[in-house]
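Subject: Structure handover, salt bridges

Hello,

Here is the structure for your files. My notes on its charged side-chain pairs follow below.

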Amino acid sequence: SGGVRPFGVSLLVAGMDGDGVPRLFQVDPSGAYFGWKATAIGKGYVNAKNFLEKRYQEDMELEDAIHTALLTLREGFEGEMNGHNIEVGVVSKSDGKFRLLTPEQIQDYLDEAN
């Protein structure tokens, strides 16, 4: 019979290359990948990408980048965002390690944005 495709998943993969340069890649279900400075996937991605195009700056400090990410997420978020229903991850420029912000840290950023 055939004709039915399996579900696919798009991923955003962030990290540091060997030279310590931050990298962000989008991987599509086909296996194709694209490098970005900032991007979004999923429901409402078009509006999120438009928002990022206006707000993203290459020389942003970490605090500004987190605020921009949260504002972008808020654009398409249904309901109220708080430190317990979203996650924020950060890749450290100094050691290349990934860490998740705590719910309390996220809530502090959300409170600052209001």
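Is Glu 78 buried or exposed? This is a predicted model, and in it Glu 78 has a relative accessibility of 61%. The cut-off for exposed is over 50%, so Glu 78 counts as exposed.

Glu 78 also takes part in a salt bridge: its side chain meets that of Lys 43, at 2.5 Å from N to O. Glu 78 sits in the loop between α2 and β4 (89-91), and Lys 43 in the loop between β3 and α1, so this pair ties together parts 35 residues apart in sequence. Lys 43, at 73% relative accessibility, counts as exposed.

The search of the whole structure found three salt bridges. Another of them joins Lys 37 and Glu 58, with 3.2 Å between the closest N and O atoms. Lys 37 belongs to the loop between β3 (33-36) and α1 (45-55), while Glu 58 belongs to the loop between α1 and α2 (62-76); the pair therefore ties together parts that lie 21 residues apart in sequence. Lys 37 and Glu 58 are both exposed.

The remaining pair is Arg 23 with Asp 17, whose side chains meet in a salt bridge at 2.9 Å, N to O. Arg 23 is partly exposed, at a relative accessible area of 39%. Asp 17 is also partly exposed, with 23% relative accessibility. The cut-off for buried is under 20%, so Asp 17 at 23% falls in the partly exposed class.

Regards

Definitions and conventions
Residues numbered from 1 in each chain as written. Predicted model: local features only at pLDDT ≥ 70, side-chain atom pairs only at ≥ 80, totals over all residues. Heavy atoms only, no water. Salt bridge = Lys/Arg side-chain N within 4 Å of Asp/Glu carboxyl O. Buried < 20%, exposed > 50% of the residue type's maximum accessible area, 1.4 Å probe, protein only. Helix = DSSP H or I, 4+ residues; strand = E, 2+ residues; numbered from the N terminus.
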